[in-house]
Each structure stands twice: as structure tokens, then as C-alpha cells.
Amino acid sequence: MKIWHPYTQEATEPPPIPIDQGKGAYLYTRDGRRLIDGISSWWVNLHGHGHPLIAAAIAAQACKLEHVIFAGFTHEAAEELAERLARILPAELDRVFYSDNGSTAVEAALKIAIQYWYNQGQTKKHRIVALEHAYHGDTIGAMSVSADSPFTAAFEVLRLPVFRVRNAAELEELVSKREDEIAAMIVEPLVQGAGGMKMYPASELKRFQQLCAEHSVLLIADEVFTGLGRTGRMFACEHAGITPDLMCISKGLTGGFLPFAVTVCRSEIYSAFHSTDRSRTFFHGHSYSGNPLGCAAANATLKIFETEPVFERITAIERIHEARLADFRQHPTVVDARMLGTISAIELRTGDPGYVSSVRSRLYNFFIEHGVLLRPLGNVVYIVPPYVIRQDDLHYTYEIVGKALDIL
Ligand SMILES: Cc1ncc(COP(=O)(O)O)c(C=O)c1O
């Protein structure tokens with residue numbers, strides 16, 4: 001049996017690199033090289049590879065209870081996680097639904113939003129609004145709310161119809177005419193990650209929230225990428241001072257150790273499902289919903305925010321991003337250099353922009369040859385390091401990016 005790797009075109013890409021070990025911000029290859037993980041292994045790692053506290057928490061949980069069906073049963077790790085989430089989320093978001101990954105967290109949010117209206121007899125209110133350039137995952141529902149892209153082209157016939165808007169002005173026009181059809185709007189708050197690290201101001205997010213509230217449209221914040229400190233705040237929504245109706249959190253939630261996700265919502269939403277009429281139940285779940293190992297990893301990850309200077313590390317990364325991006329803005333091949341919190345992005349001038357830009361593979365291979373894992377999104381080179389990255393390693397990463405641009 002051969003392995004089929006995700007997002008990989010074997011016909012043109014080099015074979016996968018075997019990794020034997022991860023420690024801090026480093027990955028160690030089987031042939032003895034060390035790579036700086038400049039993308040937190042698909043944005044999941046926060047506190048460093050192989051963090052001993054998270055590893056120990058998983059091991060201890062595995063010896064006690066590895067899994068139990070989560071319908072009709074509960075366990076300590078899941079209850080502790082609900083309490084820990086309550087400490088870092090707005091008080092209004094007080095109901096948590098567990099699942100396995102970012103896409104399932106989004107699927108659950110979309111289904112909760114649609115059934116919320118259905119349970120109240122509003123069956124016409126089932127359409128979703130999403131943003132241009134959005135990415136929310138690869139399952140059919142999440143792919144439907146994601147923007148049209150080379151990822152989605154083959155599945156046009158399967159994608160659910162979605163209202164697509166570019167900004168608050170377009171949203172206003174839409175909701176003023178069709179609010180009776182719209183269940184929810186889903187957004188990646190402030191940073192549209194896979195869409196090319198596109199950033200928009202907090203004032204725009206605030207406006208989305210106001211318009212949704214005024215027009216009885218639920219707002220889903222997909223914080224799968226932006227959550228847990230990535231943007232310099234615990235959640236990106238905090239920059240705009242808003243509380244969405246539903247929020248999806250995954251990726252960094254287990255510190256990059258295990259697939260796990262949560263969808264949280266307001267109690268008013270949950271109330272529409274709470275009934276002696278069984279047909280109002282949320283008939284949705286996964287074999288591994290509430291998996292104790294995932295909960296234990298998440299508890300340890302959140303605990304590290306309390307016991308280690310995580311936000312000081314985040315600030316240190318922000319400062320380096322700020323200082324280094326200033327130089328890139330002058331570079332003739334750079335169209336734009338932007339950042340928010342620990343996320344920085346350098347957009348390059350190329351003849352063929354977009355995800356399938358030919359410049360991508362050349363850059364990727366160059367970075368690997370120089371000991372850095374960076375995976376440009378087409379013509380956008382971005383750096384999203386684990387928070388524990390050493391400052392000299394982050395500077396070195398920028399030096400290698402600079403060299404790559406010079407020889408491009
Ligand atoms: C904003 C956002 N939502 C959802 C997802 C999907 O998460 P997963 O890959 O865990 O299914 C991603 C993944 O990159 C993401 O960036």
C-alpha cells in the first residue's frame with residue numbers, strides 16, 4: 001500500500017521528507033538535517049513540538065480512559081475543557097460542542113445555525129453568507145462556504161449555494177433584501193488564511209457583526225486558524241470587541257498534538273434545541289466526539305497559557321515581524337507585506353499569481369534546502385511560527401526569504 005499525501009502532486013513535487021523528531025520550533029529529518037518549522041506544521045503548533053507537559057497529559061489520560069462514547073456519557077477531561085474554555089471566551093458563549101478538526105467544527109456550526117431557525121419554524125432561513133477569498137475546510141459544507149478556487153473546481157455540482165460578499169457594503173445590500181432566507185454569515189475574523197493571508201480591519205468585522213445582529217442573521221466566527229493567540233489576542237474577534245453567535249476553534253487547541261475541535265455557541269441558540277420534542281435534537285456527532293485524549297491535550301495546551309509567558313513570546317514575534325517586514329516593503333518584487341500578531345505575509349509580484357503560481361515550488365524547495373519549512377500560498381510567502389521560536393531563528397528565516405527574493 002502506498003500513501004496518498006494531502007495537497008500533494010507527486011508528479012511534480014519532490015518525495016515527502018521523513019521526519020523522525022520534533023522539538024520546540026525544530027523538525028529533525030531522518031537523514032540528520034534540522035528544519036525550522038516556520039508554519040507551525042499547518043498552523044497547529046503553538047508551544048513547540050514535543051512539549052513535555054502536553055505529551056505527559058496525553059499519556060496520563062491514555063492510561064486512565066482513552067475513549068468513551070460521548071452520547072449519554074461524559075468524563076472529567078471534557079468537563080475540565082469546558083471550564084477552561086469558559087475562562088478565555090466571552091461569557092455569552094456558554095455551550096460547547098466537541099468534534100475532530102477544523103472542517104467538522106465548521107460543519108457543526110453551519111448545521112446548528114440552520115437547525116436553529118428550522119426548530120423555530122423558519123424553514124426558509126437556510127442560506128449562508130460567506131466572504132470572497134474564504135477558506136473554511138475541505139468537507140462538502142465547509143468547501144461550499146469556502147471561495148471558488150482550484151481546490152473546489154471539480155465539485156461545483158456538489159457545493160451548496162452560498163451568498164458571496166466582498167465587504168460590509170455588499171453585506172448590507174444583501175441582508176436588507178434577503179434576510180428572511182439567510183441563516184448565518186461565516187467569516188474568518190481579520191485574517192483569511194488559506195485564501196492568501198488576506199487581512200481586513202477590525203472595523204469591517206465590527207460592521208459585519210452589527211449588520212448580522214440588525215437583520216437576524218447568526219454570525220459564525222471561524223477562529224480555527226486565528227484563535228489561541230495567533231493574531232496577538234486570544235481570539236481575533238477581540239480586536240473588534242465583538243462576540244459572535246457561534247465560534248469554531250481547532251488547530252492549535254491541542255498544541256498540535258491531536259485532531260480536535262470545538263464549536264461554541266450562545267445559550268439562546270442552544271435553547272432552540274432543548275425540548276421534550278425529540279425532533280429538535282441536534283442529530284450530529286462523530287465517533288471521536290469529546291475524545292478524552294484530545295480533551296487532555298487541549299487542557300494542557302490552555303494551561304500552558306497560564307504557566308508560561310506565552311503572550312510575551314507572541315509580542316516578541318510581532319516585534320520581529322514588524323521590523324523585518326519594513327525592509328521587504330522596499331523590495332522590487334514585493335507587492336505587499338502585511339502582518340497581524342504572529343502572522344506575517346509577503347505577497348510577490350509574479351506573472352501568474354494565485355495558489356497555483358509556478359513560483360511556489362521554486363521557493364518551497366529553496367527554503368527547505370536552507371533549513372526552513374515555509375510553504376508559500378502561491379505567490380504569498382507567509383511566516384506563522386510556533387510561539388517558542390528562538391528570535392535568531394526567526395531572523396534567520398527572514399534572511400532566507402530575502403535571499404530567495406533576490407535570486408527569484
Ligand atoms: C479558517 C479555517 N477553517 C477551517 C479549516 C479546516 O481545518 P481542518 O484542516 O482541520 O479541517 C482551516 C484549515 O486550514 C482554516 O484555516
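Mentor: Helix α2 covers residues 52-64, 13 residues in all, and reaches 18 Å from its first C-alpha to its last, close to the 18 Å expected at 1.5 Å a residue. The model is predicted, so local features need pLDDT of at least 70 and side-chain atom pairs pLDDT 80 or more, while totals for chains, interfaces and linings use all residues. Residues are numbered from 1 along each chain as its sequence is written, and side-chain values use heavy atoms, with hydrogens and water left out.

Trainee: What makes a run of residues a helix, and what is its expected span?

Mentor: A helix is a DSSP run of H or I with at least four residues, a strand is a run of E with at least two, and both are numbered from the N terminus. The expected span is 1.5 Å times one less than the number of residues.

Trainee: Which residues of α2 are buried, and which are exposed?

Mentor: Ile54, Ile58 and Gln61 are buried, whereas Pro52, Cys63 and Lys64 on the other side are exposed. Buried means under 20% relative accessible area, exposed over 50%, and partly exposed in between (1.4 Å probe, protein chains only).

Trainee: Why are the buried residues of α2 said to line one face of the helix?

Mentor: Seen down the axis of α2, they fall within an arc of 65 degrees, so they line one face. The arc is that of the directions from the helix axis to the C-beta atoms. The buried residues of α2 pack against α3 (76-88) and α10 (292-307), where contact means heavy atoms within 4.5 Å.

Trainee: Why is the pairing of Glu306 and Arg84 called a salt bridge?

Mentor: The term requires a side-chain nitrogen of Lys or Arg within 4 Å of a carboxyl oxygen of Asp or Glu. The N to O distance between Glu306 and Arg84 is 3.6 Å, so the pair qualifies as a salt bridge. The pair links distant parts of the chain, with Glu306 in helix α10 and Arg84 in helix α3, 222 residues apart. By this rule the count comes to 21 salt bridges.

Trainee: Why does Arg84 count as buried?

Mentor: Its relative accessibility is 9%, under the cut-off, so Arg84 counts as buried.

Trainee: What is the N to O distance in the salt bridge of Arg338 and Asp336?

Mentor: Arg338 and Asp336 meet at 2.7 Å, N to O. Arg338 is buried at 12% relative accessible area, whereas Asp336 is partly exposed at 30%.
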